[in-house]
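Here is a structure to read together, one feature at a time.

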Amino acid sequence: MERARGGFTGRQAEMAEKWVELVTGSLEQKMQDRQYVARIDALLEPYAGVLEALQRSLVYFGGVTDGETVVKMFGDFTDAWEQRAAADRTPIRAIVGDERVEFGQRVADGWGGKQWIDKGRAQLTGAIEGAERKVRS
């Protein structure tokens, strides 16, 4: 049995790589995220600060756990802020409106992807269906 780097077999190394990617996200996604961060840093204030805060809130509001969805969401949002808000110097209030928190929630709701809450909903649904089956039998 041939050992790969670190004393792992080829299969073990492949499994370890998949596990690390599952836990931390793919290297490609990390590289894309770093590019978005650099683009955000290049924006003028107050746009950069608002976009950073909005992205932070999207993680909390959206609760999206799918790395691919998060990267796409941040990329699209960064594009929009670069091309529209910062380039045109649109006032922040004109973009987000009077209800800033609701704006963040609407943006988060507009994205699909697997969310933390999905697991809880599935567990609740399963528990209720299991209880109903027990009552019927």
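The dialogue below takes up confidence, the nonpolar core, salt bridges and backbone geometry.

Q: Where do I start: what is the mean pLDDT of the chain?
A: Start with the kind of model. This one is predicted. The chain has a mean pLDDT of 78. Of its residues, 75% reach 70 or more.

Q: Next, the core. How many residues does the largest nonpolar core have?
A: In soluble globular proteins, nonpolar side chains tend to be buried together. The largest nonpolar core in this model has 21 residues. Those with the most contacts inside the core are Tyr47, Leu51, Leu58, Phe74, Phe77, Trp81 and Phe103.

Q: Which elements give two or more residues to this core?
A: Helix 2, helix 3, helix 4, helix 5 and helix 6 (100-109) do. Helix 4 gives the largest share, 8 residues.

Q: On to charged side chains. How many salt bridges does the structure hold?
A: There are 4 salt bridges. One of them pairs arginine 39 with glutamate 82, and their closest N and O atoms are 2.5 Å apart. Arginine 39 is in helix 2 and glutamate 82 is in helix 4, so this pair ties together parts that lie 43 residues apart in sequence.

Q: Are arginine 39 and glutamate 82 buried, partly exposed or exposed?
A: Read the relative accessible area. For arginine 39 the value is 25%, so this residue is partly exposed. Glutamate 82 also counts as partly exposed, at 25%.

Q: Which residues are linked in a network of salt bridges?
A: The network links Arg39, Asp79 and Glu82.

Q: What separates aspartate 76 and lysine 72 in helix 4?
A: They form a salt bridge, with the closest N and O atoms 3.1 Å apart. The two residues are 4 apart in helix 4, so about one helical turn separates them. Aspartate 76 is partly exposed at 32% relative accessibility. Lysine 72 is partly exposed at 48%.

Q: Which side chain does arginine 93 meet in a salt bridge?
A: Arginine 93 meets aspartate 98, at 3.4 Å from N to O. Arginine 93 is partly exposed, with a relative accessible area of 46%. Aspartate 98 has 57% and counts as exposed.

Q: Last, the backbone. Which two residues does a cis peptide bond join?
A: The general idea comes first. Most peptide bonds are trans, and most residues other than glycine have a negative phi. In this model, a cis bond joins glutamate 45 and proline 46. Its omega is about 10°. Proline 46 sits in the loop between helix 2 (27-42) and helix 3 (47-62).

Q: And what is the phi of arginine 89?
A: Arginine 89 has a positive phi of about 55°, although this residue is not a glycine. Its place is the loop between helix 4 (67-88) and helix 5 (92-96). Arginine 89 is exposed, with a relative accessible area of 57%. Arg89 is also among the contacts of tyrosine 47.

Conventions: Residues numbered from 1 in each chain as written. Predicted model: local features only at pLDDT ≥ 70, side-chain atom pairs only at ≥ 80, totals over all residues. Heavy atoms only, no water. Buried < 20%, exposed > 50% of the residue type's maximum accessible area, 1.4 Å probe, protein only. pLDDT = per-residue confidence, 0-100. Core = buried A, V, L, I, M, F, W, Y, C linked by side-chain atoms within 4.5 Å. Contact = heavy atoms within 4.5 Å. Lists of a residue's contacts leave out its neighbours within four places in sequence.
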